[in-house]
Amino acid sequence: KQWYQRRVAITAGDEICEAIIKVIPINNFRVFKASTVLVSAFVEVFREVLGDCVYPLTRALCHKIGDNKIAVREGTMKCLTQLMRVCGPRPVLDVVLVNLRDRNPRVREEAINVVIKTMLTFPIADLNVNTVAEYLVSALADHRQRVVNTALEAITVLKDRISTREVGIIYRAVEKIDTPDKRYLNAIKDRLDKGTMSTLNDVGLVTHGEGCFTRNGTTLTGGST
């Protein structure tokens, strides 16, 4: 009987999830607000049988992480965080990290902010540190300076969260992409020397360290900040 009830719940959950992910991308603020309520309720009610819904739900939410409206980004961040609390951060973050290769630089930047939020919210042991480090370091080669700066912020948080013996994970990732003049390694060292670190504001969005996005900061791309 319990097996049958679980199967029914999974089938119902899959159908509801399919309906929700069709609504999330709609470009209407009221519709989006309603969809975040649906996501929140869905995750709570079906938390025991989310299973295969985690990937498509996270993927749909990632369409909104680079939205121009701060309220949309805030709502998206809350939904992603709730998913992480229920399912663990790793399966959600695995989907988010892929967006560091999105064509839209705003999406790439905000995907990194989701990574920062995750590292500031959950134990670092719950994440795949090697994967996170490789994605963040690869973002240092991005052609948009804001993405590069955000990646440097994330690497700073990562270094703060991991143990001393794990720091080599970051530097090994840097070695794979660094130039002969060590421009990426030097950029990381310059950022660490600032002594500040990103935090979360009252609504759960990432606030970066003071002065980290000024034109006097480290420039890797030659682009504007």
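The mean pLDDT of the protein chain is 87. A value of 70 or more is reached by 87% of the residues. One covers residues 214-219, which make nine contacts in the model beyond near neighbours in sequence. The other covers residues 221-225, with 16 contacts beyond near neighbours in sequence. Where pLDDT is low, the predicted coordinates should not be read in detail.

The protein chain contains 10 helices and two strands. Read from the N terminus, the order of elements is α-α-α-α-α-α-α-α-α-α-β-β. The chain has 225 residues, and 47% of them count as buried. Among contacts between residues at least 6 apart in sequence, 69% join residues at least 24 apart.

H3 spans residues 54-62, and helix H4 spans residues 70-87. The axes of H3 and H4 are 10 Å apart, and the packing angle is about 160°. An angle over 145 degrees counts as roughly antiparallel. H3 and H4 are therefore roughly antiparallel to each other. Their crossing is left-handed. On the H3 side, the contact is made by Val54, Leu57, Thr58 and Leu61. On the H4 side, Thr76, Cys79, Leu80, Leu83 and Cys87 take part. By class, this contact of H3 with H4 holds seven nonpolar residues, two polar residues and no charged residues.

Helix H5 covers residues 89-98. The axes of H3 and H5 come within 9 Å and cross at roughly 45°. That angle makes H3 oblique to H5. The crossing is right-handed. H3 contributes Val54, Tyr55, Thr58, Arg59 and Cys62 to the contact, while H5 contributes Pro91, Val92, Val95 and Val96. The contact of H3 with H5 has seven nonpolar residues, one polar residue and one charged residue.

Cys53 is placed in the loop between helix H2 (29-45) and H3. With a relative accessibility of 4%, Cys53 counts as buried. Ile16 is 37 residues away from Cys53 in sequence. In space, the C-alpha atoms of Cys53 and Ile16 are 9.6 Å apart.

Arg90 belongs to helix H5. Its relative accessible area is 37%, so Arg90 is partly exposed. Leaving aside residues up to four places away in sequence, Arg90 touches Ala125, Asp126, Leu127 and Asn128. Asn128 lies 38 residues from Arg90 along the chain, yet their C-alpha atoms are separated by 6.8 Å.

A further helix pair is formed by H7 and H8. H7 runs over residues 129-138 and H8 over residues 145-161. The two axes come within 9 Å and cross at roughly 150°. H7 and H8 are therefore roughly antiparallel to each other. H7 passes H8 in a left-handed crossing. From H7, the contact involves Val129, Val132, Ala133, Leu136 and Val137. From H8, Ala151, Ala154, Ile155 and Leu158 are involved. The residues of this contact comprise nine nonpolar, no polar and no charged.

Val148 is placed in helix H8. Val148 has a relative accessible area of 0%, so this residue is buried. Along the chain, Val148 and Leu136 are 12 residues apart, and their C-alpha atoms are separated by 9.1 Å. Leu136 is one of the H7 residues in the contact with H8.

Lys182 shows a backbone feature. Most residues other than glycine have a negative phi. Phi of Lys182, however, is near 60°, a positive value in a residue other than glycine. Lys182 sits in the loop between helix H9 (168-177) and helix H10 (183-193). At 42% relative accessibility, Lys182 counts as partly exposed.

Terms used
Residues are numbered from 1 along each chain as its sequence is written. This is a predicted model: local features need pLDDT of at least 70, side-chain atom pairs count only at pLDDT 80 or more; totals for chains, interfaces and linings use all residues. Side-chain values use heavy atoms; hydrogens and water are left out. pLDDT is the predictor's confidence in each residue, from 0 to 100. Contact means heavy atoms within 4.5 Å. Axes are lines fitted to C-alpha atoms, for helices over the stretch in contact, and angles run from 0 to 180 degrees between N-to-C directions. Helices (H or I, at least four residues) and strands (E, at least two) are DSSP runs, numbered from the N terminus. Angles under 35 degrees count as roughly parallel, over 145 as roughly antiparallel, 65 to 115 as roughly perpendicular and the rest as oblique. A crossing is left-handed if the near helix is turned anticlockwise from the far one by less than a right angle, and right-handed if clockwise. Ala, Val, Leu, Ile, Met, Phe, Trp, Tyr, Cys and Pro count as nonpolar, Asp, Glu, Lys and Arg as charged, and the others, Gly among them, as polar. Buried means under 20% relative accessible area, exposed over 50%, partly exposed in between (1.4 Å probe, protein chains only).
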